[in-house]
Amino acid sequence: MANELERAAWPLERAGEAMEALARAARMPLPNPLPTLSRAVPAEQSRIGEWMDGVAQALGLELQPHYTRHGEVEKALGRAAPALVEMTGARVVALLRVSSSGQTARVIAPDETVHEVPLSSLTAAAQARVEHIHGPVVDHVLKQTGLEEPHRTLARKALLGAQLANIYLFAARTLRLPPGARMRHHLRELKAGRRLLLLFVVAALVQVCVLSSWWLIGRGAFEGQLDPGWLWAWALMGLTLVPLQAAMAWVQGSLAMQLSALMRKQLLAGALALPVDESRRGGIGEFVGRTFESAGLEQLVLTGGFASLLAVVDLVLAASVMVTGPAGGYGLVALGGFCGVLAVLVVRQAVRFRAWTDARISMTHALIERMLGHRTRLAQERPERWHEAEDQELAHYAEASEYLDGATARVSALARRGLLPVAIIATLPAVLSGASTARIAVGVGAALLAARAVGSLSVGVLAVSGARVLFRSVRPILEAARRSNSNATGGAAAPLPPEAAPPESQALLEVRDLVFKHTGAPRAVIERASLAVRAGERVLLEGPSGSGKSTFASILTGLRGQGSGLLLLGGLDMATWTRDGWGAQIAGAPQFHENHVVSGTLAMNLLLGRTWPPTPDDLNTAKELCEELGLGKLLARMPSGLMELVGERGWQLSHGEQSRVFVARALLQRARVVVLDEAFGALDPVTMRKVMACVEARTSTLIVIAHP
């Protein structure tokens, strides 16, 4: 079996081809072809993960790492498929799925044939990546004991498990769609169509059982006699409803949870991908409001969507039964007319909901902004005018709420109670003409089912219409997620390894005729700017305030779109690179007011952009760099050193210390080009010389932006 696993392993440089084969076998969409540069594996082992992520992005997919303990690798592999599993010797295994028994794994070989291997063998191959130090020692000890197989293998596994119990490793990297991918691709991956069809079938069976039970009990009740056989049939029909309703709840609940998780991932990806200028235009009140609206949107979409779908099933079934019942065509006309009147009321209700939502959003935005500027208002406004605007907004909101609540109560009462008397009246002609008791029972059951379906449908449609109103606030975030995905997957180049430098005759970074204008601005900030930087050069860009230096830096580092013009890195256009691929090549330290120390440890702030959690080598490199930048005394003062919590509520860093943390963060990303935007303004001359010497020594190509 070990030989079978060896034959199924892919060389690391063919990891992109393994992803393609895995995606095809798992029936995942492949938006882009495999990049032509996908085999350029970096020599540095710590950058393998970044390179694999870049290849996946170029394919239009993403890799989710499973970081787990040595002893829990098998469990992680059981839930990771489809995934890539790294092995020793620069090889990977394409794991398609694990059997239901958990004993075997189906893997795809380089010839794209599917092989079955024991899951224990795959687990051992993944664990072997961290056993190279303790493995020979354990083998030597076991050799002295003279144990025979299979006891020797079991003893080796137990000894290594005890020694490596607290050692973590990347067990696998799950291949999946990025959050910003097309919704139809996500729905296809979730098998939403099949599950919705199953939900419809189960819901129809539930209502058939309900109508059948009505027919059984109603026939006996109207005829004045209840035969024991009919009672037993009615009881069995009721018992049949229990597993059917449980199955319906399970299918609906599992699909709802996965759709909710998908929506939250898209909102998070979109929030992180919002353009810089758009984020600046919106105040904190707007972003808090968008957070509230996104939570409401998720609840309304899922609740209203499923309620509407199930109500449609009930309504169609009730209408088909009503036609064959005593009401006949009159019942169908009554049902259609009632639904038409209700539809008009629901549309009017959606307009009221929009007005109420606008009033609430406006009040939320204003409240947050006033809370932030409370001290300024107290100092500048007269006391008797402090709450004039709030009183007006509250009065407007209360009026809109009263109007909405009253209309909602009327629509709900009509939807839940109005159809039943209309349907009963429609059956009276047939009842008076002497219809059979069985038909009358079925007609009453259909009327009750239709009344319940219309009530549920009205609630669902109101929720969906409310979600449509809330979607206006959340739409920019979802569009940002889709744009970020198209930018990340629209190219054909994976990240190049640092050692793959361009020829000396070719510029490493080149800008040609760059033009950039902010949205709504009368003129361009940057007009036909050009720049060529060769590997190893140091470039100083100077200019007065407002001349576009920082905008130019944000374009170079990929934080802003380039507008018009051409940007080349290593001879490849910016549109050719994946998002992470470009970011892995050019690192930047923006101006102080545009940079941040996030809540977390100092190590996390320094190593943003590298693989997390950090390796001991990463921590040692970060510590050495901090000492070179003059932060050694800061580390000595911190009780936990690099693991000390910093940020808004943690360790207090001075302006100059934060500036050096930002510089260190850029240097630790191991990029080919480093862009520093006014990074030395808060430093005294002595410290600045020390920092500049460190930057000179640790960067291959440097661009510094400063005032003249």
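**Sheet, helix packing and nonpolar cores in the predicted model**

T576 is found in the loop that links strand 12 (572-573) to helix 19 (579-585); helices (H or I, at least four residues) and strands (E, at least two) are DSSP runs, numbered from the N terminus. The structure is a predicted model, in which local features need pLDDT of at least 70 and side-chain atom pairs count only at pLDDT 80 or more, whereas totals for chains, interfaces and linings use all residues. Residues are numbered from 1 along each chain as its sequence is written, and side-chain values use heavy atoms, with hydrogens and water left out. With a relative accessible area of 24%, T576 is partly exposed; buried denotes under 20% relative accessible area, exposed over 50%, and partly exposed the range in between (1.4 Å probe, protein chains only). Although T576 and A58 are 518 residues apart along the chain, their C-alpha atoms are separated by 9.3 Å.

The protein contains 24 helices and 17 strands, and buried residues account for 45% of its 708 residues. Among contacts (heavy atoms within 4.5 Å) between residues at least 6 apart in sequence, 76% join residues at least 24 apart.

An open sheet is formed by four strands in the order 10-17-16-13, with parallel pairing; two strands pair if DSSP finds at least two bridges between them. Strand 10 (538-542) and strand 13 (586-589) stand at the edges, and each has a single partner strand, so one side of each lacks a neighbour in the sheet. From one strand to the next, the twist averages 15°. Four bridges join strand 13 to strand 16 (residues 673-677) in the parallel sense, and A589 has L676 of strand 16 as its bridge partner. Helix 18 (residues 549-556) packs on the sheet and touches strand 10, strand 13, strand 16 and strand 17 (701-706). The direction of helix 18 makes about 155° with that of strand 17, where axes are lines fitted to C-alpha atoms, for helices over the stretch in contact, and angles run from 0 to 180 degrees between N-to-C directions.

A separate pairing is antiparallel: strand 5 (residues 104-108) and strand 6 (residues 114-118) are joined over five bridges. R106 is the bridge partner of E116 in strand 6. Five residues lie between the strands of this hairpin, in which E112 takes a positive phi near 65°.

The buried residues of helix 21 are D618, A622, L625 and C626. These residues cover an arc of only 100° around the axis, which places them on the same side of helix 21; the arc is that of the directions from the helix axis to the C-beta atoms. The face turned away from the buried side of helix 21 carries the exposed residues P616 and D617. The cover over the buried residues of helix 21 includes helix 20 (602-606), helix 22 (632-637), helix 23 (655-667) and helix 24 (685-698). Just after helix 21, G630 adopts a positive phi of about 85°.

The largest nonpolar core has 34 residues, of which L602, L606 and L676 touch the most other members; such a core is a set of buried Ala, Val, Leu, Ile, Met, Phe, Trp, Tyr and Cys residues joined through side-chain atoms within 4.5 Å. Helix 23 gives the most to this core, with six residues. Beyond its neighbours within four places in sequence, L602 is in contact with L635, M638, L642, E644, V646 and V661. A second, separate core of 26 residues includes A76, A83, V98 and L169.
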